[in-house]
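I opened my notebook to look a few things up in this structure. Here is what I had on screen.

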Amino acid sequence: MIRRQTMCARRSALVAVVLSAALALSACDADGGGDRAAGAGGGPSVVAPGKPGEPARTLSAQEAAKAAGNDRANSADFRYAQMMIQHHAQALEMTGLVPARAESTAVERLAERIAAGQKPEIGAMEGWLTHNGGKKRETAHDHAAMPGMATPAQLERLRGAKGTAFDELFLKLMITHHQGAVTMATEVLSEGNDVQIEEMAGDVVAQQTVEINRMRAMAP
């Protein structure tokens with residue numbers, strides 16, 4: 001929610017700056033100054049606030065107006081939602097093996113937390129796709145194209161393990177799985193354009209980074 005408010009505030013600020021620039025340009029045109037600026041190759045410029053951690057940019061009034069209104073979902077947003085649904089689904093498949101196979105109660109509690117967090121996220125992404133006219137289940141993506149996904153052979157090994165051997169393999173695979181999710185979320189934060197997707201991706205980065213550190217502490 002904080003990230004969404006920040007994004008909205010940044011866009012509102014940019015819109016306000018654009019309007020101010022437009023008013024200034026109109027005033028210049030009224031007294032002939034606009035023609036002189038255009039003739040000199042100048043024109044009003046706008047300092048646009050950057051994303052967190054990025055410097056501000058100097059834009060023309062036209063560029064700033066376009067940037068201020070450019071909040072429509074792009075292909076990176078749709079690709080992230082569709083692929084992350086499958087990514088989360090595999091995590092749920094892995095956590096579903098825990099109750100009958102794990103030795104450690106800490107691993108059982110971890111699996112419960114992961115499932116409790118990722119089930120609602122799948123629902124949220126499916127809802128976003130429906131609202132934005134995207135497909136919930138696009139043609140299955142190649143698992144190799146999604147970072148962190150366990151291979152069929154690795155899943156088979158996990159299904160066949162029990163006790164401490166299961167716990168160790170589960171933690172190893174889930175750490176890698178979470179790292180892949182963080183990579184995907186970081187990419188859409190850079191390439192995507194939709195505020196809601198950015199909010200969901202930010203939550204993935206924050207939550208799964210904490211869980212990665214927890215699992216590393218639990219691993220032998």
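**Ground rules.** I am working with a predicted model, where local features need pLDDT of at least 70 and side-chain atom pairs count only at pLDDT 80 or more, while totals for chains, interfaces and linings use all residues. I number residues from 1 along each chain as its sequence is written, and side-chain values use heavy atoms, with hydrogens and water left out.

**Salt bridges.** I searched the whole structure and got 3 salt bridges.

I looked up E191 and found R79 as its partner, with the closest N and O atoms 3.5 Å apart. E191 sits in helix 8 (residues 163-191) and R79 in helix 4 (residues 75-95), so this pair ties together parts that are 112 residues apart in sequence. (Buried is under 20% relative accessible area, exposed is over 50%, and partly exposed is in between, with a 1.4 Å probe and protein chains only.)

Which residues are linked in a network of salt bridges? I found E93, E156 and R159. R159 pairs with E93, their closest N and O atoms being 2.6 Å apart. Because R159 lies in helix 7 (residues 152-160) and E93 in helix 4, the pair ties together parts 66 residues apart in sequence. E156 also bridges to R159, at 3.2 Å between the closest N and O atoms. Those two are 3 residues apart in helix 7, which means about one helical turn separates them. I noted R159 as partly exposed, with a relative accessible area of 32%, and E93 as partly exposed at 37%.

**Helix 6.** I checked helix 6 (residues 105-131): its 27 residues reach 40 Å from first C-alpha to last, close to the 39 Å expected. (The expected span is 1.5 Å times one less than the number of residues.) After helix 6 comes G133, with a positive phi near 80 degrees.

**Cores.** The largest nonpolar core has 23 residues, and M94, V98, L158, F166, F170 and M174 touch the most other members. (Such a core is a set of buried Ala, Val, Leu, Ile, Met, Phe, Trp, Tyr and Cys residues joined through side-chain atoms within 4.5 Å.) Helix 8 gives this core its largest share, 8 residues. I then picked F166 and, skipping neighbours within four places in sequence, listed its contacts (heavy atoms within 4.5 Å): L97, V98, R101, A102, L158 and A161.

I also found a second, separate core of 20 residues, including L129, M149, V188 and L189. L189 lies in helix 8 and counts as buried at 18% relative accessibility.

Conventions
Salt bridge = Lys/Arg side-chain N within 4 Å of Asp/Glu carboxyl O. Helix = DSSP H or I, 4+ residues; strand = E, 2+ residues; numbered from the N terminus.
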